[in-house]
Amino acid sequence: MCQKNCGTTVTNALKSCYGAETVVVSYPLGAALVRGICEPSDLIEAVEAVGFDADLVIDAGQIRDLTEALLQDTDQTIVLKVDGMMCQANCGKTVANALRACSGVTMASVSYPLGAALVRGSSEARNLIEALETVGFDATQVTQPYDRKVLARQVEAQAAPACAEAQQANVHVLTIEGMMCQKNCGATVANALRGCDGVEEATVSFSAGGALVRGSCLPEALVEAVEAVGFDAALVADQAKRTALVSAIEASGPARRVEKIQPDSGADSSQVSTVGSDDVELTILSGGRTSDRRRAEIAISGMTCTACVANVEQNLPKVRGILKVAVALIAEKASVEYDMTQISGHEIAEAVDTIGYKGSLIED
């Protein structure tokens with residue numbers, strides 16, 4: 001019945017959903033705006049779980065009007081002209097990360113072609129300008145109302161289609177027939193998919209009878225890889241069926257993870273054996289010592305392009321105890337192999353924050 005308590009409860013519920021990046025809730029408007037790679041059904045369930053009713057708005061006009069009202073109701077909008085950017089991939093990423101690191105910023109979009117940035121939140125313009133100057137760019141605030149509104153819409157219009165197209169193009173959903181179990185059949189299919197060029201992440205569910213693959217890979221190659229190991233596969237093109245199968249795959253629980261850990265150089269390879277469960281399989285030396293290597297799944301928000309991926313993959317391993325990093329841009333997360341005697345999963349998430357992004361531990 002109020003913004004302070006009810007609004008905060010709904011906000012926290014929505015933020016807890018996987019893939020939710022920006023959440024804005026308004027009690028006076030009776031509405032919420034959520035940005036990120038998340039399932040609408042998960043958002044509705046999260047709100048209902050804390051005692052409120054929710055419906056998805058699908059009318060384009062309503063979405064536009066509510067979005068504008070929500071942002072005006074809760075955040076101030078600042079538009080900046082940014083000088084000195086030479087490209088979107090590196091310069092645009094640097095500017096966006098600098099803005100997102102400022103206190104109070106809830107959303108930042110940057111356009112190199114327009115030479116502009118759109119920022120929403122409670123941060124002051126002078127703080128944003130100073131942040132950009134520290135990374136080598138000059139910026140000025142656009143204060144004329146008409147110019148500010150037009151430029152803000154141009155930046156948003158340029159950012160939205162690119163994100164939607166990239167997400168759709170790099171996410172492949174397949175039906176898989178012939179699997180008899182998760183532990184063996186599921187692992188076989190997953191390994192076959194991961195062996196395809198361009199695959200960043202592959203999740204297979206025996207119970208759902210499907211696979212979710214993310215990466216810049218050829219769909220036909222995925223089908224051929226599955227068929228090569230003895231299973232039938234077909235790409236799902238219908239959007240409603242894709243959404244339903246993705247939900248079923250993600251709801252079936254975490255995929256089986258296999259850690260391939262090499263024995264010490266002095267160990268006899270014939271003395272290496274493996275032990276495992278449905279969730280984790282680790283290599284153990286004959287002496288009984290389990291390797292100190294572990295793998296953590298870290299959610300990372302703030303990445304916008306392949307340059308961001310390179311930034312994380314190159315700088316995170318510089319942290320003591322982190323051995324290997326693989327980043328999935330579309331999924332907004334990283335798989336990190338680390339030495340548990342030197343660093344923990346939560347400390348890895350904190351290390352992500354130090355290189356300009358927001359990290360949180362998903363699974364350790």
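Reader: Is Asn 97 buried or exposed in this model?
Author: Happy to start there! This is a predicted model, in which local features need pLDDT of at least 70, side-chain atom pairs count only at pLDDT 80 or more, and totals for chains, interfaces and linings use all residues. Residues are numbered from 1 along each chain as its sequence is written, and side-chain values use heavy atoms, with hydrogens and water left out. Asn 97 has a relative accessible area of 9%; since buried means under 20%, exposed over 50% and partly exposed in between (1.4 Å probe, protein chains only), Asn 97 is buried.

Reader: Which side chain makes a polar contact with the side chain of Asn 97?
Author: A polar contact is a pair of N or O atoms within 3.5 Å; within protein, one must be able to donate a hydrogen and the other to accept it, and residues adjacent in sequence count only if both atoms are side-chain atoms. For Asn 97, which sits in helix α4 (residues 88–100), the pair is 3.1 Å apart. The partner is the side chain of Tyr 357.

Reader: What is the order of the strands in the open sheet of 4 strands?
Author: Helices (H or I, at least four residues) and strands (E, at least two) are DSSP runs, numbered from the N terminus. Two strands pair if DSSP finds at least two bridges between them. In this sheet the pairing is antiparallel, and the order is β8-β9-β7-β10.

Reader: Which are the edge strands?
Author: An edge strand here pairs on one side only.

Reader: How many bridges join β8 and strand β9?
Author: Strand β9 covers residues 210–215, and the two strands pair in the antiparallel sense. Ser 205 has Gly 210 in β9 as its bridge partner. The count for β8 and β9 is 6 bridges.

Reader: What angle does the direction of helix α7 make with that of β8?
Author: Axes are lines fitted to C-alpha atoms, for helices over the stretch in contact, and angles run from 0 to 180 degrees between N-to-C directions. Helix α7 (residues 182–194) packs on the sheet and touches β7 (171–177), β8 and β9, where contact means heavy atoms within 4.5 Å. Its direction makes an angle with that of β8 of about 160°.

Reader: How many disulfides does a search of the whole structure find?
Author: A disulfide is a pair of cysteine sulfur atoms within 2.5 Å. The search of the whole structure gives a count of 0.

Reader: Which cysteine sulfur is nearest to that of Cys 181?
Author: Cys 181 is partly exposed, with a relative accessible area of 23%. Cys 181 is in no disulfide, and the nearest cysteine sulfur is 4.0 Å away. That sulfur belongs to Cys 185.
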